[in-house]
Amino acid sequence: MHNNSVVNKAVRFALVAGATTAAWTAPVAFAAEGADVERIEVTGSRIKRTDLEGANPVTVVDQADIERMSVTNVGDLLQNLSSSAGAAVNTQTNNGGDSSVRFSLRGLGSERTLVLINGRRVVAGGGGANGSVDLNTIPVSIIKRVEVLKDGASAVYGSDAIAGVVNIITKNDFEGFEVKAEYGETSEGDGEQKSIDVLFGAASDKGNVVLAMGYSDQKSIFMGDRAFSEYELRAFPDGSTEQGGSSAPPWGNMDGFDGDNVTQGPEFGDWRPYNGSTDSYNYNPVNYLQTPSSKRYVNVFANYEIAETSWLGVVNAFGEASYTETNGNRLLAPEPLAPLIFFGSPAPYSPNNYYNQMYGPKGPNGESFEIADWRRRMVETGGRADMRDYKTLRTVVGLNGELANDWSWELSYTFGKNDSVNRGEGYFNLDRVAEAVGPTGWLDENGQLIVDGAGNPVAAPGNGSELVCLGDGNVIIDGCVPLNIFGQPGTDTQITPEMLQYISGDYNTTELGQNRQEVIQAIISGDLFEMPAGLVSFAAGYEYRKESGSYTPDALILQGTTTAGSAVGTEGSYSVDEFYGEFYVPLLSDIPLIERLDVTLAVRYSDYSTFGDNTSFAGGIEYRPIEDLLLRADYSEAFRAPNTSELYGGASTSFPEATDPCEEGPVNANCIATGVPEGGYGPSGVEQIPTKIGGADNWDDYQLQPETADIFTVGMVYNPSWLDGFAMTVDYWNIQLTDAISSVGTQARLDGCYERGEYCDSIFRFGEDSAVPGNIIIVNDFTVNVGGVDTSGIDFDFRYAFELGGAGDFVVGLDGTYLLNYEKEIAGGEVIDHTGRFEEGHDGMFAEWKSNLTLLWSIADFDTALMGHYISGVTEVESGWWTEAFEREVPSNTTWDLQTSYTATENLKFTLGVNNLFDKQPPFVFSAFGANTDVATYDVIGRFMYARVNLAF
């Protein structure tokens, strides 16, 4: 009786789950009534079962859902899930992005969301020694469905599965030939996207092979192309805004004779006091709003029966091979060349430099003086560009089969490698900058230094003379071209190509990186014995995994003499041996008020080469009081081992936005103890604080430990027999993460020093003999175990499929997440409440409500989908240096997508679609970094129209 009821539910469920957008709680593997029900492996368990619904909540995005979107990577596909939150990067992330795409489940970060392909691990991707998978390397065209386990799963899968698991199931059983071509662009006529995908599959009695290949290309959009991001905006408590910008403008900002900053007016040499509200440089227009990228890929899947024995049964050999090459660019505004204040590298502009003498600001008697702090936006370069090339190879080979007692077994080897090359342009050699703004002299026609009667180099040129840079003792610096920072861009006084060539070192930075993964896995599963309520099933296995990574910076980056930043190379590895077991125990069935009562148990032991061992446990209950209703609960212990970057990452310089509480007086004793003058030192006009980041090895005698989590879920699945086509799930979840592997944060370190005298030894400032005493040189913020997260919420999903006479078939769906709580404990015991808030320095966007409404209509040869995406409003904290901290409300955001498909013939299908149908502008989030909104959460490119054609045989 039970098996037949499962089949009936499966058939009805297929009508609903096969036509959803954020889909349901189980994969699609259905059988007709009366047939044997196939055992399948559901994400979250290694045990193959006939039941389609288990103790763990699983969202499924199937092939029909994918076709209702216009996406070229898995990350964009997952971003609309209501369970996504936080600040995972995507191709809308320019400053701070690396052309990769990540997914942050529950807002816990991409490193706490395990990504699998066909149940097996995937190599990390990015610039080298990375901690999570780059979803841009997985082509959407090969995906049959995506199963998202929204529960901790370390007992089943090991490290990283704290927030949950993304399991990508591929089309490795495809038969036939299919080609898909798509083209789209925004209603503004930009952001062009095009792709072509080819899929071929053939099968015989012994096995099958599938070949997939394709290409996609996405063009850029600039912030200046959209009204909401054309200017950087600053917000104020009264609700007003003001155009902001950088304190390093193309017209110069530098020390005046009396210490006050001066800049040039509309005319060359028209020096006046610098005014931040009118003289700041608007860098937004020349930054990407959507980064350009392209992808080429080829995938092969194969399966072949190689033997059949009496005790091993049928033995199959299988293999997977994939190669993906992705190219992406980042473009930032031209370099704000401010050697002292931005890069901590003194390069005083000499009073004996010809350009200073001729064009620089003057003292009361018309004399030139040394300019210690000068800032100049180098717009003549065209910007800071980074070109990234990623090559990702992944192979899987293995054997599987069934023993004579029907136990299934599998032995596999997985190898993955990701190589990266990052080339940078538009940066400068700080040593050469210091030479180019030092003393200068003139050479006569014979190449001799022109001097006066006292032997000092003369200031004025002679006939046929050449301007040169001078070092100590008036030694001529070979090849040096003096730099004129006072010239006006776009005029004949601007910085010349020869000047740029010298200070850029006539080179572009090149950084290399690699991620490498090897996994050996052995699994056996089957039925142990029968109890009155059913068969007790198990799965057990062994896994060996080795992860390694490296990052090799450019020579000048390694030396710290370039404005591209400084970094130390990274190289390291670790390995782990793991044993695990899992049991499914049917306790009771077919008695009053207990249709079924089942228990699941799992345990995993891990032995790491770095920190030692760990044991994770999970247990779940599945209770059906009646056939239509499943009540479920699950408790799991999860952990995440420190990855290569967190362990061995070399120190590099970043520039996070932060405000120094010691900047302006009155300052306290803690500030003074770190080197701040009693009256403060501001305003400095610095919004991004130079910060050293890197692995825990950069600290002295610090041992990084794994982070752990306790996860609890309880919920229900209701498929009423009295209402055909309706189904619903509701689940409560709670995650308590402790000993988080993270960094304290630049702002938290500055605040901790100011308020409690904590972290002061990690803050380094210019001394009293400097031109900028008290200003921050660098803040060290390397990886540590610090604080944790306590978060909870409710997921819900309602689906109703019905027919309406001759009007066609309809599906109405509503899914969403209500965030009850998200509290992050940081260093010092301080707790930051993220619930319904956006705090750019603390993990991004945490809206209380995220939901998706789906309306599907099918009639004749047409299929139409209308999909709405809702994100509730949040509170953000504005704490810019230009105003006192205050809170403001960010409004809710709703966008609609529309798509219609027409099946012309059995082999030909046409699709037209519009994303962001009403061209909804993202809400202003003033404290977000870039574009005046949160690019990790909202659609920023506007209305996007696309057309697609599918040809299949």
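**Exercises on a predicted model**

The protein chain exposes about 36,800 Å², and carbon and sulfur atoms supply 53% of this area (Shrake-Rupley method, 1.4 Å probe; for residues, only the protein chains shown count as cover). This is a predicted model, in which local features need pLDDT of at least 70 and side-chain atom pairs count only at pLDDT 80 or more, while totals for chains, interfaces and linings use all residues. Residues are numbered from 1 along each chain as its sequence is written, and side-chain values use heavy atoms, leaving out hydrogens and water.

**Exercise 1.** State what share of the protein chain is buried.

Solution. Step 1: buried means under 20% relative accessible area, exposed over 50%, and partly exposed in between (1.4 Å probe, protein chains only). Step 2: buried residues make up 58% of the 953 residues.

**Exercise 2.** Find the residues with the most contacts inside the largest nonpolar core.

Solution. Step 1: a nonpolar core is a set of buried Ala, Val, Leu, Ile, Met, Phe, Trp, Tyr and Cys residues joined through side-chain atoms within 4.5 Å. Step 2: the largest one has 43 residues, and L78 and I168 have the most contacts inside it. Step 3: apart from this core lies another of 28 residues, including Y355 and F369.

**Exercise 3.** List contacts of I168 beyond its neighbours within four places in sequence.

Solution. Step 1: contact means heavy atoms within 4.5 Å. Step 2: the partners of I168 include V74, V115, N118 and R145.
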